[in-house]
Amino acid sequence: MPRHGIVVIDMLNDFIGEKAMLRCPGGDDIIAPLQKLFAWVRERNAQGNDDIQLIHIQEAHRKNDADFRVRPVHAIAGTWGSDFIPELYPEGEEYKIPKRRHSAFQHTDLDLYLKEENLDTVVVTGVWTNVCVRSTAADALANAYKVITLSDCVASKTEEMHEHGLVDLSIFTKVMTLDEYMAAWEKGEDPWLGGGDAENKVE
């Protein structure tokens with residue numbers, strides 16, 4: 001059976017909510033679906049199943065980070081803006097990974113953690129669909145993981161950005177809803193099957 005790492009990208013104070021420095025308006029809409037996902041995974045974990053794990057990605061920049069050459073200053077390490085929003089705060093031993101680049105794989109130990117835990121599939125969630133989510137998914141594929149995108153658990157600044165991001169992601173990941181994902185697991189199926197664009201049909 002597959003083993004999945006649910007990568008939750010940048011659900012932080014500086015991205016979500018009215019006071020966010022680099023607000024992603026669509027991020028407010030995915031809080032409830034992510035809460036549903038967290039509850040489901042945590043219940044499985046409580047029953048002794050470790051085949052799905054939550055991995056919390058936390059943008060945590062240094063003060064003079066190179067990212068600020070092209071984007072507003074945001075999510076400085078150790079500040080309120082870099083902290084997780086209260087609604088989706090990590091619990092217990094759920095793994096937390098700080099990052100300073102768009103991809104959660106770049107200059108972090110995400111790949112090492114996935115290998116240590118024998119997780120073969122990366123499930124991307126969080127913000128922004130067309131930036132950090134897409135970059136993380138691309139690097140997951142480059143590192144030979146199977147990749148799933150939960151379409152109602154990712155969001156961007158605008159609906160247009162979000163939809164364009166999903167089109168790109170559909171080329172090399174399995175794009176599905178949260179309910180479809182959970183239903184596949186409950187049926188004993190590998191949710192990733194049929195992913196990507198093997199027949200070059202995406203336009």
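Predicted model: local features only at pLDDT ≥ 70, side-chain atom pairs only at ≥ 80, totals over all residues.
Local features required pLDDT of at least 70, side-chain atom pairs counted only at pLDDT 80 or more, and totals for chains, interfaces and linings used all residues. Residues are numbered from 1 along each chain as its sequence is written, and side-chain values use heavy atoms, with hydrogens and water left out.

The model holds an open sheet of six strands in the order 3-2-1-4-5-6, with parallel pairing. Strands (E, at least two residues) and helices (H or I, at least four) are DSSP runs numbered from the N terminus; two strands pair if DSSP finds at least two bridges between them. Strand 3 (95-99) and strand 6 (174-176) form the edges. The twist from one strand to the next averages 25°. Strand 1 (residues 4-9) pairs with strand 2 over six bridges. H4 has I52 in strand 2 as its bridge partner.

Helix 4 (residues 159-172) packs on the sheet and touches strand 5 (146-155) and strand 6. Contact means heavy atoms within 4.5 Å. The direction of helix 4 makes about 165° with that of strand 5. Axes are lines fitted to C-alpha atoms, for helices over the stretch in contact, and angles run from 0 to 180 degrees between N-to-C directions. Helix 5 (residues 178-186) runs at about 135° to strand 5.

The largest pocket is lined by residues including R42, D50, E91 and Y113. Lining residues have an atom within 4 Å of a point on a 1 Å grid; a pocket is an open set of points where a 1.4 Å probe fits, with protein on both sides within 12 Å along at least five of seven lines. Helix 1 (31-46) and strand 2 (52-59) each supply at least two lining residues.
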